[in-house]
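Thanks for coming. I will go through one chain today, starting with single residues and ending with the chain as a whole.

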Amino acid sequence: MFAVNAQIPTPKSVLGFHPTDDRTIADWKQITDYFAKLDAASDKVKVEEIGKTTLGKPQIVAFISSADNIKNLERYKNYNFAINNPQITIAQTESIDLTKAGKTIVAISCSIHSTEIVASQMSMNLAHDLATATDETTKEILENTILLLIPSANPDGIDIVANWYRKTLGTKFEGTSPPELYHHYAGHDNNRDWFMMNLAETRNITKLFWQEWFPQIVYDVHQQGQTGARMTIPPFYDPPNPRIDPLILRELGLLGYKMAADLQRTDQAGVTTNATYDTWWHGGFRSAPYYHNSVGILSEAASAELMTPVTINKEALSRPNPSRGIASMLEPATNIPDPWEGGVWGPKDIARIETVSALAVLEMAAKFRERYLKNSYDLASKNLKPSNNEPQAFIVYAGQPNQEPVARFLEILMWQGMEVHEMTRELEIIHEQNDKNNFHEMPLGSFLVFVNQPQKNNVLSLFEKQVYPKRLNAKGEAEVPYDVAGWTLPLQMGVETVAAWNIKDLEKHRSTLKKVENINQARTVLNLKPNKTSFDKLPNPLKSSPKIGLYKGFTGSMDEGWTRLVLDNHQIPYTSLMDSDFREDKLNYDAIILPSISERGIVSGLPKERYPEEFTGGIGESGVANLKKFVENGGKLICFDDSCELVIKQFNLPMKNVLGGLSRAEFYSPGSIWQLDVDTSNGLAKGFNKQTPAYFINSSAYEISDSGKLRSVAKYAEKDLLLSGWILGEKYALGKTAIAESDFGKGKLILFAFRPQHRGQTFGTFPFIFNALEK
Ligand SMILES: [Zn+2]
């Protein structure tokens with residue numbers, strides 16, 4: 001298909017190997033070097049640094065388009081900004097028919113999950129081919145679209161994986177995942193941050209997308225397990241989120257079927273649609289765009305073992321019901337018309353289907369350019385029109401006890417391109433939808449977020465409670481959603497907001513609303529010191545200086561990573577503890593935190609068959625004995641969720657998790673916000689209200705059988721437990737213990753049944769951790 005232009009360097013001429021060949025891997029330096037050389041040689045490619053990663057590496061985007069478009073990037077950026085923001089008048093664009101003059105903006109991002117490594121390698125070949133091909137389809141793509149190619153959304157992780165792969169290549173450990181998180185803080189959860197902005201990489205790309213370029217299509221390229229579909233593509237599985245415009249879902253389906261048809265034209269078997277992944281959850285790379293009027297695409301190719309091919313036999317494909325929407329990988333069905341029979345599967349196969357899929361998307365974007373631009377304009381315009389079924393605004397009111405989370409909340413909204421206004425006079429509002437007369441006064445210094453913004457659905461989806469539909473399978477068991485069921489940001493962050501269904505005399509008072517131009521304007525209103533940089537560190541909340549150890553180990557626990565992020569962001573010093581510290585009794589700390597890791601993960605660690613000995617074995621029995629001695633001698637042990645299991649068993653505590661033995665037909669709650677009843681007389685609850693929201697994600701609920709030394713610091717509410725998301729079988733958890741405290745020897749145990757630091761999002765429950773750490 002592609003003709004080679006001699007002046008443009010091939011990836012092989014720069015790297016010394018053809019990327020995506022078996023057992024080769026390019027690290028981030030090599031990838032960025034290649035893109036720099038391509039930029040220098042081709043007038044169709046322009047590479048920009050969009051910021052630094054968590055570990056300080058350059059994060060890049062390559063703009064790829066016709067030479068003429070590349071020369072005029074700024075102009076097309078302005079056109080697309082105007083198309084997506086009809087409320088703002090932009091000089092020089094008023095008299096232009098923008099949907100005729102503009103280009104479809106397509107973003108393709110690779111290997112955010114860096115063990116899903118092939119796309120990052122493929123990106124160099126894709127860029128080279130687009131820059132050199134002379135066929136009509138490529139010309140049309142370059143003429144009508146501007147591609148924002150992100151070779152990796154997680155450059156730090158590319159190096160972690162490349163280093164590990166090279167270290168283990170040719171050994172019996174070749175192809176295993178690294179024995180650490182492949183994102184410094186988040187690991188796999190780096191794709192759970194897209195409304196929260198906890199990570200530098202998320203912020204860099206969110207700025208590129210939703211402050212600057214407003215891509216019509218965002219394609220996030222992933223890999224899944226080895227024995228499922230060869231590729232899973234849109235349309236996706238149920239349930240869709242009601243806050244996603246149906247037009248977006250239809251356009252998503254259309255692009256998915258184009259990908260499916262093109263893959264079939266290359267005889268690729270085993271491709272599925274309408275399976276596994278849903279469009280409920282917010283916060284992923286491809287799901288956040290839905291709330292910005294953009295079509296978010298995910299493809300999941302079957303994996304090899306990093307860059308090493310695998311052989312998949314038919315038996316491995318014969319599991320019944322391998323995923324939602326698929327009864328069998330081997331029986332033809334409408335959503336898998338050509339099952340794959342098994343065989344060798346390697347990086348070249350993955351790269352080939354990812355390339356076909358990327359070109360299918362680009363071809364559609366080119367052929368239907370005007371349609372995509374008009375969709376953007378129509379959706380944004382529609383969102384600016386008021387509706388009786390939605391509030392006019394949400395108010396973040398003045399005078400809240402914890403101002404830092406309020407400031408962070410506003411910063412998160414503004415970074416995603418939401419408009420926020422400061423109230424410079426009191427306004428009277430009605431809270432309830434159908435209430436006509438009951439006006440409440442909102443104080444001066446409150447903030448107001450209008451619903452009628454181009455990204456209206458993002459405003460609603462982040463402020464509202466989620467009501468996940470009750471979905472049961474034929475056996476009456478809860479059907480597991482792809483990710484969480486609820487995420488309401490003010491509830492997670494402990495920020496008090498209220499819906500304003502009617503603002504009295506809004507038009508008369510509109511001029512008294514002052515647009516918040518930057519976060520320091522908001523911080524001044526909140527009486528907080530200005531920040532030097534965006535998303536500055538938060539002040540250390542501790543009054544004392546405890547010596548803190550945080551268990552890390554080698555299993556790559558995301559919960560450990562998020563705990564580290566919360567401590568780092570609050571400038572609380574700590575030491576990461578490895579397995580050997582426990583085995584060798586180096587536990588000279590005031591407090592030790594065990595993040596949510598299973599007993600097996602902590603005690604047994606990684607298996608010797610898969611990893612070199614230095615990474616295996618966990619803390620072992622000796623580590624458990626030393627941990628016990630640590631508490632008996634006066635130490636404080638703080639456990640989150642899964643790790644409580646180890647402590648209850650090993651410390652013989654008279655309590656049990658009442659949810660432990662329940663089937664999925666009896667109880668299920670997959671990531672939801674619950675109400676806690678808090679004993680505010682307990683020191684751990686200092687500063688909390690009697691009722692406080694907390695995040696429950698397949699967590700625990702304790703019954704205490706002998707309350708001699710054990711105290712309940714907080715319980716799950718006796719009624720109205722669910723605040724956002726889904727609970728099946730709520731009765732089992734009502735009134736059960738959510739935080740327990742116990743004396744043990746001279747020391748103390750503090751057990752959280754839930755995760756007070758879940759994904760670094762739950763600012764509302766962070767202070768429980770700070771109180772627990774205080775000496
Ligand atoms: Zn992935």
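Where is methionine 197 found? Methionine 197 sits in the loop between α8 and α9 (200–213). Helices here are DSSP runs of H or I with at least four residues, strands are runs of E with at least two, and both are numbered from the N terminus.

Before going on, the basis of all this. This is a predicted model, in which local features need pLDDT of at least 70 and side-chain atom pairs count only at pLDDT 80 or more, while totals for chains, interfaces and linings use all residues. Residues are numbered from 1 along each chain as its sequence is written, and side-chain values use heavy atoms, with hydrogens and water left out.

Back to methionine 197. Its phi is near 65 degrees, a positive value in a residue other than glycine. Is methionine 197 buried or exposed? Methionine 197 has a relative accessible area of 0%, so it is buried. The cut-offs are under 20% relative accessible area for buried, over 50% for exposed, and partly exposed in between, with a 1.4 Å probe and protein chains only.

Asparagine 274 also has a positive phi, near 50 degrees, and is not a glycine. Asparagine 274 lies in the loop between β8 (271–272) and β9 (278–279). With a relative accessible area of 27%, asparagine 274 is partly exposed.

Next, the prolines. A cis peptide bond joins proline 234 and proline 235, with omega about 0 degrees. Proline 235 is in the loop between β6 (231–232) and β7. Another cis peptide bond joins aspartate 238 and proline 239, and there omega is about -5 degrees. Proline 239 itself is in strand β7 (residues 237–240). Its relative accessibility is 4%, so proline 239 counts as buried.

What does proline 239 touch, not counting residues up to four places away in sequence? The list is Asp278, Thr279, Trp280, Arg324, Tyr468, Pro469 and Arg471. Contact means heavy atoms within 4.5 Å. Proline 239 and proline 481 are 242 residues apart along the chain, and their C-alpha atoms are separated by 8.3 Å.

Now arginine 319, in the loop between β11 (310–312) and β12 (343–345). Arginine 319 is partly exposed, at a relative accessible area of 43%. Leaving aside neighbours within four places in sequence, arginine 319 is in contact with Thr227 and Ala327. From arginine 319 to glutamine 455 is 136 residues along the chain, with 42 Å between the C-alpha atoms.

On to the aromatics. The structure holds 34 aromatic pairs. Rings of Phe, Tyr and Trp (its six-membered ring) pair if their centres lie within 6.5 Å; planes under 30 degrees apart count as stacked, over 60 as edge-to-face, and the rest as tilted. One of the pairs is tryptophan 164 with phenylalanine 615, which is edge-to-face at 5.6 Å centre to centre and 75 degrees between the planes. This pair links distant parts of the chain, 451 residues apart: tryptophan 164 is in helix α8 (residues 155–168), and phenylalanine 615 is in the loop between α20 (599–603) and α21 (620–632). Both tryptophan 164 and phenylalanine 615 are buried.

Phenylalanine 667 and tryptophan 674 form another edge-to-face pair, at 6.3 Å centre to centre and 80 degrees between the planes. Both of these residues, phenylalanine 667 and tryptophan 674, are buried. There is also an aromatic cluster made of Phe81, Trp194, Phe209, Trp210, Phe214 and Phe285.

Finally, the whole chain. How many helices and strands does the chain have? There are 23 helices and 32 strands. The radius of gyration is 27 Å, close to the 28 Å that the globule rule gives for 775 residues, so the chain is as compact as a globular protein of that length. That radius is taken over C-alpha atoms, and the rule is 2.2 Å times the number of residues to the power 0.38. Along the principal axes, the C-alpha atoms fill a box of roughly 80 × 75 × 55 Å.

Of the 775 residues, 61% count as buried. Among contacts between residues at least 6 apart in sequence, 79% join residues at least 24 apart. That is where I will stop.
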